[in-house]
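User: I've got a model open and a few quick questions. Can you walk me through it?
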Amino acid sequence: MVPDVSTGGRTYGLLAYLYGPGRRDEHIDPHLVAAWVPELAPDPGRDPTATLKQLTDRLDLPVLAVPKNRRPARHVWHCPVRTAPGDRHLTDDEWAQVSRRIVHATGIAEYGDDQACRWVAVRHADDHIHIVATLKREDGRSPRRNKDGIRAQAECRKIEKEWGLQILNGGDGTAAQRPTSAERAKAERTGRPEPARETLREHVRQALAGAADEAEFFRRLTEAGLRLDVRHAPSGDALGYKVALPGDRNRDGQPIWFPGSRLAPDLSLPQIRCRLQAAPAEEQDSPAVRLVDGPAQARRSAVHITEQATTHLYGEDDTVGAAQLVGMGELLDAVAQTAPTSSTHKELASAARAFERATRSHIRAEHADHRALRTAARGIVRAGGALGKGEDGGATAMLLSTMVLAAIAASRWHSARGHAQQAAAAQRAAEHLRVAYRIAATDPMTLLNEQGRRLPVPKRQRYDHTLQAALSEQTSHIQLEAGWDALMATLAQAERAGFDAEALLQQSIEWRELNTADSVTDVLVWRLRRIAKLPAAPTPARVSAPHRVTPVSSPSHGYSKEASRHRLGPRH
């Protein structure tokens, strides 16, 4: 059950929408299910003599009774309450109970208070109602509705438990403000794919990713095509900022501005300054940045930094873990805006938006602890967009393979601390990252698998035994993975580069647990290639003629059971 509290300034306009046909004629049988005093609330949906004007006047009466200078500018309180998909349809009487409990919990109209605000609950669909109230009590005072959104959420969790409905993830007050119904309606009316608030939030987060200081942050905003208004003190110091989309204007023709704090709690200027204190290292101070000469190297440099950040999430210092999550969010924003192809961009943008929720909780992040991640993000942004093939494509796959595990670790970190919404957001981000990885890894893994199948039989058998010994507890299912041949090819290339294959493999396995990996072979391929500094996308080998050898790979790759037994030996 999901409540969504917002305020507005037009009682009649909101009621007209609720009792109207809807944007797609989806409103069915609009009517009241509850009101402050049912006998005093005319219902245009049930009484043919009642009008919207009459209902508006009754609701607005306490507001109009006070002097104009005491009337709130946004005097309409609006709270849709929706059941989760799959829940049973509640009856009108049940929805009436829900509405009374919500207005009591939020301070709009507590039980037994005959001087409370006036309110009604309108139902025009099977799965939700709209509670509408006006924000002046009968005695002329304003209601005490501090943290009304959180209180509404808490009451819904109680109702879900008592009534056997799906128990949804509770919020903690750190989520970004969602678009209002008016903002969503305007986006639909003007043909925009999403409300302006969401587009602006994404642009601001991308401008912040790896920015060295305020000046660079503001410059990136204008380069992204946003309208920017910075408020300055007499001293010249910036006091705050707000942004608007070009062409997004109100009925008076003025730009519709959004301060950073209205986009997300961590996008206010004071919060941004806290993050900028962990400024990315400059080129002359950081080897990781100094080596970056293109998108591929920038991504490879970010892989090890991401692995180290993931390790911190398994530590005991919560403030350090919280800082790593903020840095991971910046890195994901940087990767999303420089995605190599349209298909990966779509998935990475969705992953970044989902993970944004996982970067905030009530645990205070020590921002100095994620300097390395901010440096990696800066390197990726400065290197520019990557190509979808060759070394750029392989390096992208290498980084995304690591970021999938990082997102899973983030979800576990939040779950262990009771952050249900953040844990779910990190899990959604991991799903989008998996899809992006599969797209990016197709070409390099196909090439590596081909090279692995071309290895001479004795060498394949030797690597096969090496892998079985190192991965003895997981061999039975890992050898069925599509990346088994690519893993052998990588071991062969590492040996040619002068590495001990067994020692290198053991180092890769011990770096971080593999239980959360969808494909252990894929993860090991990229770890081995990073540690051994092998090309992310090796060039195809020039072979005069293919080896005519008895295949020794698993049956899942199209080889015979007899060959598989020869490769693996007796099973125990």
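User: Is R460 buried or exposed?
Analyst: Bear in mind that this is a predicted model. R460 has 2% relative accessibility, so it counts as buried. The cut-off for buried is under 20%.

User: Where does R460 sit, then?
Analyst: In helix α17, which covers residues 457-470.

User: And which side chain does R460 have a polar contact with?
Analyst: D485. The two side chains are joined by a polar contact of 3.2 Å.

User: Switching topic. Which residues touch the most other members in the largest nonpolar core?
Analyst: L331, L348, F355 and L433. That core has 83 residues.

User: Which helix gives the most to this core?
Analyst: Helix α15, residues 390-416. It contributes 14 residues.

User: What is L348 in contact with, leaving aside neighbours within four places in sequence?
Analyst: L332, V335, A336, A339, L400, L433 and A436. Another core lies apart from the largest one. It has 42 residues, including L14, V81, A109 and A152.

User: Cysteines now. How many disulfides does the structure hold?
Analyst: 0 disulfides.

User: What about accessibility for C156 and C274?
Analyst: C156 is buried, at a relative accessible area of 0%. C274 is partly exposed, at 28%.

Note on methods. Residues are numbered from 1 along each chain as its sequence is written. This is a predicted model: local features need pLDDT of at least 70, side-chain atom pairs count only at pLDDT 80 or more; totals for chains, interfaces and linings use all residues. Side-chain values use heavy atoms; hydrogens and water are left out. Helices (H or I, at least four residues) and strands (E, at least two) are DSSP runs, numbered from the N terminus. Buried means under 20% relative accessible area, exposed over 50%, partly exposed in between (1.4 Å probe, protein chains only). A polar contact is a pair of N or O atoms within 3.5 Å; within protein, one must be able to donate a hydrogen and the other to accept it, and residues adjacent in sequence count only if both atoms are side-chain atoms. A nonpolar core is a set of buried Ala, Val, Leu, Ile, Met, Phe, Trp, Tyr and Cys residues joined through side-chain atoms within 4.5 Å. Contact means heavy atoms within 4.5 Å. A disulfide is a pair of cysteine sulfur atoms within 2.5 Å.
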